[in-house]
Amino acid sequence: MQIAADTVASFHYVLRDEHGVTLDSSRDGEPVMYLHGHANILPALEAALVGHAVADCVQVTLTPTDAYGNRRPDAVARVSLKHVRGPRRLQPGMVVAVQTAKGEIRATVLKVGKFNVDVDTNHPFAGRTLDFE
């Protein structure tokens, strides 16, 4: 059976950056399962999987535009600690939930102050060329 619209597909992956450094992998755990054609994974990755079948090995390189977008300098903000959900002792590099007027968003802590925290709402892989295998 080939991957096509409305099929459930599963795969293991290794995600590397443009220098070959492994960023993430499913090899030691469960495969990713998704319903093809319903925007459950990156669109460019989904497009690269069309027509492939069981045991196929697929390698695809995604530019920042096709992956998580370019880094946006305006995605860095200073917010009040009262709007941040996460551990009591925040440290740079932690991922936290920030309550906004449009709902909760995930952000990476950059700097922690007494009353405020500087966060980056860019995806951690924004601005990077990514290789999926």
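Let me start with a definition. Two rings of Phe, Tyr or Trp count as a pair if their centres lie within 6.5 Å; planes under 30 degrees apart are stacked, over 60 edge-to-face, and the rest tilted. Keep in mind that this is a predicted model.

With that rule, the structure holds 4 aromatic pairs. Ring pairs join Phe 11, Tyr 13, Tyr 34 and Phe 132 into a cluster.

Take Phe 11 and Tyr 13. Their ring centres are 6.4 Å apart and the planes sit at 65 degrees, so this pair is edge-to-face. Both Phe 11 and Tyr 13 are buried.

Now Tyr 13 and Phe 132. The centres are again 6.4 Å apart, but the planes make 55 degrees, so this one is tilted. Here the pair links distant parts of the chain. Tyr 13 is in the loop between E1 and strand E2 (14-17), Phe 132 is in strand E11, and 119 residues separate them.

Buried or exposed: which is Phe 132? Buried, because its relative accessibility is 8% and the cut-off for buried is under 20%. Tyr 13 also counts as buried, at a relative accessible area of 14%.

Next, the core. The largest nonpolar core has 17 residues. Those with the most contacts inside it are Phe 11, Tyr 34, Leu 45, Leu 49, Leu 62 and Phe 132. Which elements supply at least two residues each? Strand E1 (8-11), helix H1 (43-49), strand E5 (60-62) and strand E11 (130-132).

Look at Leu 45. Setting aside neighbours within four places in sequence, Leu 45 is in contact with Phe 11, Val 60, Leu 62 and Phe 132.

As background, nonpolar side chains tend to be buried together in soluble globular proteins.

Asp 120 lies in strand E10 (residues 116-120). Why does Asp 120 count as buried? Because its relative accessibility is 8%, and the limit is under 20%.

What does Asp 120 touch? Not counting residues up to four places away in sequence, Arg 71, Ala 75, Val 76, Ala 107, Thr 108 and Leu 110. There is also a polar contact with the backbone: a polar atom of the Asp 120 side chain lies 2.8 Å from the backbone nitrogen of Asn 122.

That's my tour. Over to you.

Terms used. Residues numbered from 1 in each chain as written. Predicted model: local features only at pLDDT ≥ 70, side-chain atom pairs only at ≥ 80, totals over all residues. Heavy atoms only, no water. Core = buried A, V, L, I, M, F, W, Y, C linked by side-chain atoms within 4.5 Å. Buried < 20%, exposed > 50% of the residue type's maximum accessible area, 1.4 Å probe, protein only. Helix = DSSP H or I, 4+ residues; strand = E, 2+ residues; numbered from the N terminus. Contact = heavy atoms within 4.5 Å. Polar contact = N/O pair within 3.5 Å; in protein donor to acceptor, adjacent residues only side chain to side chain. Phe/Tyr/Trp six-rings, centres within 6.5 Å; stacked < 30°, edge-to-face > 60°.
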